[in-house]
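Here is a friendly briefing on some strands, salt bridges and surface patches. Please have the structure open beside you as you read.

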Amino acid sequence: MRSPGQRLLNKALTPERVLITDAPSKEDLLYTLVGVLGKGKHVKDVEALRHAIAEREKLMSTGIGLGVAVPHARLAAVEDISIACALNRRILPDYESIDGGPVRLVFMVAARPDQQADYVRVLATFSQLVKSESNRDILLHAESSQALYDLLTDPQK
Amino acid sequence: MNPLAAVPHAPNLGILVILGIGVFGGILGAWLSQRLRIPQVIGYIAIGLLIGRSGFQIIDTEALEQLKPFTFLALAIIGFLVGGELEAKIFKKYGRQFLAIMLGEGLGAFFLVSLLSGTVIFIVTGAAVPALAGGLVLGAISSATDPASTIDVLWEYRSKGVLTTSLVSVVALDDALAMTLYALGTSLASIIAGSEVSAWQILLNVSVELLGAVLLGLAVGLLLNFLLRRSDSKDRTLTLIIGSLLLVAGACVALHLDVIIAAMSMGIVLINLAPHRSQEFFKTLRAFASPVYVMFFVMVGARLELGAMPGWIWTIVGLYVLGRSAGKFGGTWLGAKISDSDPAVRNYLGLGLFAQGGVAVGLSIMASQNLNHIEIFEGLMLGQVIVATVTATTLMVQIIGPPSVKLAIKKADEIGRNVTEEDVIADLTVGDVMTTELISLREADLVGKVFETVSSNDQLAFPVINTEGACTGVISLESLKSLFTQQDIWSWMIAEDVMANVHDIVSADMPLKDALETMKQLNAEQTIVRHPETQAPLSIFDLRTARRQITQQLMARQGI
């Protein structure tokens with residue numbers, strides 16, 4: 001039985017929004033992910049999303065440690081929760097994670113302002129997914145975007 | 001030539017135009033009175049004087065005659081509303097005190113005015129008969145207190161308390177005493193003067209007038225109560241009440257019964273048979289009565305005619321006012337002392353009994369008919385002297401009466417005590433009831449810290465501010481609910497991630513009534529109030545605190 005957070009994740013994440021990237025910096029990677037989300041039907045203003053993600057990073061880095069980052073924002077230009085994910089081949093040393101380490105796995109979440117409860121559930125789901133070292137290792141070593149998508153949407157497999 | 005002869009009439013205007021001029025003029029007078037901080041009823045009467053028989057004569061004798069039915073309706077409304085204040089439970093509690101005070105003030109005025117005015121008439125005429133007859137009748141008339149202007153002042157200043165209750169009851173009851181004294185006085189005067197109408201006849205007439213009015217009022221009151229129980233709309237209720245009052249007033253005029261007493265009896269029946277339901281009826285009628293009141297008092301002023309009077313009548317007028325005031329004040333004090341009334345009643349109630357109105361003028365006109373055979377000088381009858389004296393004294397006491405009522409309720413600290421929750425809300429803005437001590441969170445505060453702050457403070461909602469101090473969101477217990485079980489993310493999520501948007505649904509200067517309505521529509525319990533320019537959080541407006549503040553203010557204003 002899937003948790004509510006997992007169900008939301010499966011609904012909000014589509015295969016084309018899961019990428020294997022080779023961005024040289026945090027800024028480049030975030031730019032790419034915003035672009036991917038912007039192609040989806042739920043994001044009405046891609047520049048507003050870009051601005052919101054950047055503003056949130058200014059307040060505090062979303063690098064949550066253990067090589068993972070969860071950039072996120074809630075804004076009116078988004079109609080429903082949308083998720084994009086990137087596994088960067090290179091480490092991103094400039095992410096300023098809370099543990100000071102580099103980042104490779106990035107989950108971007110965008111939601112409507114009033115979707116606070118679902119938003120928190122999705123963010124908590126990512127936190128759960130990467131909590132165990134073995135899970136983290138599997139995700140960080142995914143060979144393709146499809147494999148990464150499958151791992152994220154069906155972690156019990 | 002008779003010095004009390006009427007002055008010539010001004011051109012006649014249509015009666016509706018006169019009513020319009022009266023109501024608008026009265027409102028202007030009330031506005032001026034309020035600027036001068038004196039009761040509005042003086043403004044109405046002053047305008048009446050200005051446009052009436054003593055002034056520009058826009059309302060002349062003919063117009064006054066045409067407007068007479070209107071006066072009876074106004075008296076009926078006043079009587080009915082006064083009756084609505086007379087609940088049996090109040091009389092059970094204070095009945096003995098009211099009776100003692102009423103007898104004290106009524107008899108005090110009667111004896112002093114009888115003695116003083118009788119003495120002056122005797123000195124002027126050298127004849128005992130007109131002196132005794134005039135003294136007795138003027139004394140009896142002086143015992144009446146005008147309920148209309150007294151109660152208008154009490155309503156204007158939203159007075160409530162033991163003094164107000166006593167004042168309403170005493171002014172309502174002392175008309176009956178005045179009429180009884182009048183009947184006795186006129187009977188005695190008739191016997192002394194050897195009138196064609198027998199003393200018994202006069203006594204019988206007045207008894208019929210009083211008892212008949214009470215019986216008529218009780219009967220119509222019972223019928224009205226029966227009909228109102230079946231009325232399901234405010235409009236129909238008002239129509240039924242006005243219809244009944246018109247019928248009662250009309251019947252009283254036709255049967256020569258006292259209008260005020262009859263309508264008062266109706267009010268007493270309703271308030272005592274259906275205390276809760278009736279409050280609504282009286283409230284509805286009071287809203288309707290406002291222009292009727294204005295016009296009534298304008299007409300009181302317009303009717304006063306202060307033509308050239310001989311100097312000695314002015315002496316009677318002066319002594320009448322002094323004796324009446326002293327008698328009422330002293331009599332009240334004595335009655336209150338004997339019945340062990342509240343100190344506020346003992347010391348100040350007498351001040352509230354100076355006004356003289358319709359009953360006194362009515363009795364003086366009756367006296368002029370009953371005593372029209374007693375001649376003082378050639379061409380000047382005792383009846384004319386009584387009418388002139390009562391008219392002039394009515395003007396004087398209508399000027400000193402209402403401010404005295406105001407002084408009495410002010411001294412007793414009862415001004416502004418008759419307030420409801422709606423009144424309090426109407427006087428307040430959001431700024432008056434919002435929480436002023438405010439703890440804010442910063443956008444970058446970690447959720448862990450947010451929980452720490454929220455759990456250690458009673459505040460129901462917390463504004464979230466950015467680095468410039470502007471409020472960008474709000475965190476409430478509701479918005480944290482989803483995070484209780486997600487402690488993993490407390491170390492990297494921040495206040496900005498979980499805050500809700502601020503909707504400027506209320507502002508500090510917004511009327512509280514509007515704010516409460518808005519909150520109700522949005523089903524919101526609390527909201528942040530921001531500075532309109534800097535967006536800095538000023539306060540939390542939460543319904544729980546607002547309601548507490550409203551209750552506190554209501555209790556403070558009611559003196560509880």
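Two strands pair if DSSP finds at least two bridges between them. Helices (H or I, at least four residues) and strands (E, at least two) are DSSP runs, numbered from the N terminus. This is a predicted model, in which local features need pLDDT of at least 70 and side-chain atom pairs count only at pLDDT 80 or more, while totals for chains, interfaces and linings use all residues. Residues are numbered from 1 along each chain as its sequence is written, chains are lettered from A and ligands numbered from 1 in the order in which they are written, and side-chain values use heavy atoms, with hydrogens and water left out.

**A hairpin in chain B**

- Strand E6 (residues 526–530) of chain B runs antiparallel to E7(B), and five bridges join them.
- Across this pairing, B:Gln526 stands opposite B:Asp542 in E7(B).
- Six residues lie between the strands of the hairpin, where B:Gln535 takes a positive phi near 65 degrees.
- Strand E7 (residues 537–542) of chain B is mostly covered, with five of its six residues buried. Here buried means under 20% relative accessible area, exposed over 50%, and partly exposed in between (1.4 Å probe, protein chains only).

**A three-stranded sheet in chain B**

- Strands of a sheet pair through backbone hydrogen bonds, either parallel or antiparallel.
- The order E3-E4-E5 (chain B) describes an open sheet of three strands with mixed pairing.
- Strand E3 (441–442) and strand E5 (471–476) of chain B are the edges, each with a single partner strand, so one side of each has no neighbour in the sheet.
- E3(B) runs parallel to strand E4 (residues 461–465) of chain B, and two bridges join them. B:Arg442 has B:Ile465 as its bridge partner in E4(B).

**Salt bridges**

- A:Lys26 pairs with A:Glu57, their closest N and O atoms being 2.9 Å apart. This pair links distant parts of the chain, 31 residues apart: A:Lys26 is in helix H2 of chain A and A:Glu57 in helix H3 (residues 46–59) of chain A.
- A:Lys26 counts as buried because its relative accessibility is 10%, and A:Glu57 is buried too, at 11%.
- B:Asp497 and A:Arg56 form a salt bridge of 2.6 Å, N to O. The pair crosses between chains, from helix H21 (residues 495–498) of chain B to helix H3 of chain A.
- Are these two partners buried or exposed? B:Asp497 is buried, at 1% relative accessibility, and A:Arg56 is buried, with a relative accessible area of 1%.
- A:Arg112 and A:Asp114 form a salt bridge with their closest N and O atoms 2.7 Å apart. A:Arg112 is partly exposed at 31%, whereas A:Asp114 is exposed at 59%.

**A nonpolar surface patch**

- Patches are made of residues with over 30% relative accessible area and no salt bridge: like charges are joined within 9 Å, nonpolar side chains (Val, Leu, Ile, Met, Phe, Trp, Tyr) within 5 Å.
- B:Val129, B:Leu132, B:Leu188, B:Ile191 and B:Ile192 form a nonpolar patch on the surface, with about 410 Å² of accessible area together (Shrake-Rupley method with a 1.4 Å probe; for residues, only the protein chains shown count as cover).
- Helix H6 (128–142) and helix H8 (162–193) of chain B each supply at least two residues of the nonpolar patch, and H8(B) gives the largest share, three residues.

How values were computed:
Salt bridge = Lys/Arg side-chain N within 4 Å of Asp/Glu carboxyl O.
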